[in-house]
Amino acid sequence: MITRKVILWSVVVAMGGFLFGFDTAVISGAEQAIQKYWMLSDLQHGFTISIALIGTVTGAFLGRIPADMLGRKKALLIIAFIFLFSSLGTALATNWYIFIALRFIGGLGVGASSVIAPIYISEISPAAARGRLVVLFQFNIVFGILISYFSNYLIGQNFQDSWRYMLGVQVVPSLLFLILLKLVPESPRWLLLRQNRYEEARQILQVINPQGFEQELEVIIATNKEDAKDPDGGDIFAKRYRFPAMLAILFAFFNQVSGINAIIYYAPRIFEMTGLGKSASLLSTAGIGLVNFTFTMIAIRFIDSIGRKKLMLIGSFGLILTLGLVSYSFYSKSFSGFYVTFYLMGFIAFFAFSQGAVIWVFISEIFPNQVRAKGQTLGSFTHWLLAALIAFSFPYFAERLGGGNTFLFFTVMMVLQLLFVWKLMPETKGKSLEQLEQSIIGH
């Protein structure tokens, strides 16, 4: 049983995911116009697109600091303000250097939200529903991507200097997020671990788990005391955290070497490489957003019942198949009809059902309370560092190596992911965060 307040808190915090997704994907409709507006070279253009990801890497690396020092809620308020400021600024910028600085600032918000929002939701969720509540963050990421694609399509048809409107419309959800965060309480686990605010934490846990909050409170306190005895307990690279740290790094690595961000950022360009016109390319890109949204909704239904590992196994097989077909199409120049569009939609469907839905849930679960923010930072930092490198280099390698070789690389990486999931990934469904600490780390 999930109380209505817990659902409300999770939905509000997951709006950080909507802004994350919107900010990440909105550039796809504007990137070619931006290149023409400032007459950018290929390297300058790659830097302009990837600067937000450089900001995201930085935000992911630094996000744990306000999350641990100020609390999860105050950190989320800072993120909401960052999104508001950067979206307004990029829409109005007339200087390239100011534009890239503002895109970098927006990236800070994306990176920090990928650390703090999943942590917050995992810390307020009942064990039996944690998967589908945390995956609301990913759901809102893909919802943000979907809305940005349709927004780009509609604005591109109706406005001059449309790229400014594409970027500026994000002001509206940013302001709404800032206002709604007033309804959200602080994480009870942070209150106990960092502040010793027992009574406040107790009241919030009573809302979360009306029947068993007293027992849950005792377990959290006992676990925190046990962890505090370890002199290396706060060091994410201590020996006892080696296994979850490895899991977080590898999970984030495989997420990005699937090619997901290259496809999201450069979808219109990929479709034009196959011979589609500009309007058809934008519409096909919107179709990808819709598939992403739909299959994330399906994953929400199954993530707590069949579990994280089975979703990943199914998804890995599908990603190998669809990426292999895209690679073959480029090798054979088989671009008649919409085959590449269908293959890429299939790729997005399998990714959304597996990696997309599982990553933020899984990384937020596998670390103890004492280092959860650091562990989430480790996974997010790895994820976004690779995303920045791939987004920066994709136009170069796609041009020099061709689509066939580029997508073949992504295919091979997904074969390695399948082996990782099969041999190393533990199942985390249905267990409390403290139970997972015992099973993954032990004492």
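Reader: Helices here are DSSP runs of H or I, at least four residues long, numbered from the N terminus. With that settled, which ones each supply at least two residues of the lining of the second largest pocket?

Author: That would be α12 (213-228) and α19 (433-440). Keep in mind that this is a predicted model.

Reader: Noted. What volume does the second largest pocket have?

Author: About 260 Å³. Its lining is made of 16 residues, and the closest to the pocket's centre are Asn209, Gly212, Glu216, Ser432 and Glu434.

Reader: And how do the residues of that lining divide into nonpolar, polar and charged?

Author: The lining of the second largest pocket has 7 polar residues, 5 nonpolar ones and 4 charged ones.

Reader: How many charged residues are in the lining of the largest cavity?

Author: None: the lining has 10 nonpolar and 8 polar residues, with no charged ones.

Reader: What about the second largest cavity, what is it lined by?

Author: Its lining includes Asp23, Ser86, Ser87, Thr90, Arg103 and Gln170. By class, the lining of the second largest cavity has 5 polar, 3 nonpolar and 2 charged residues.

Reader: Which elements give two or more residues to that lining?

Author: α5 and α6 do, for the second largest cavity.

Reader: Then let's look at that pair. At what angle do the axes of α5 and α6 cross?

Author: At roughly 150°, with the axes of α5 (residues 72-92) and α6 (residues 96-124) coming within 8 Å. Angles over 145 degrees count as roughly antiparallel, so α5 and α6 are roughly antiparallel to each other.

Reader: Left-handed or right-handed, the way α5 passes α6?

Author: Left-handed. The contact of α5 with α6 involves 15 nonpolar residues, along with 6 polar and 3 charged ones.

Reader: New topic, charges. How many salt bridges does the count come to?

Author: 14. Side chains of opposite charge can pair when their charged atoms come close. One of the salt bridges joins the side chains of arginine 132 and aspartate 304, at 3.2 Å from N to O.

Reader: Where do arginine 132 and aspartate 304 sit in the chain?

Author: In distant parts, 172 residues apart. Arginine 132 belongs to helix α7, while aspartate 304 is in the loop between α15 (278-302) and α16 (308-332).

Conventions: Residues numbered from 1 in each chain as written. Predicted model: local features only at pLDDT ≥ 70, side-chain atom pairs only at ≥ 80, totals over all residues. Heavy atoms only, no water. 1 Å grid on protein atoms, 1.4 Å probe; cavity = no way out; pocket = protein on both sides within 12 Å on 5 of 7 lines; lining within 4 Å. Points joined across faces, edges and corners; volume = space filled by probe spheres on them. Nonpolar A, V, L, I, M, F, W, Y, C, P; charged D, E, K, R; others polar. Axes fitted to C-alpha atoms, helices over the stretch in contact; angles between N-to-C directions. Parallel < 35°, antiparallel > 145°, perpendicular 65-115°, else oblique. Left-handed = near helix turned anticlockwise from the far one by under 90°. Salt bridge = Lys/Arg side-chain N within 4 Å of Asp/Glu carboxyl O.
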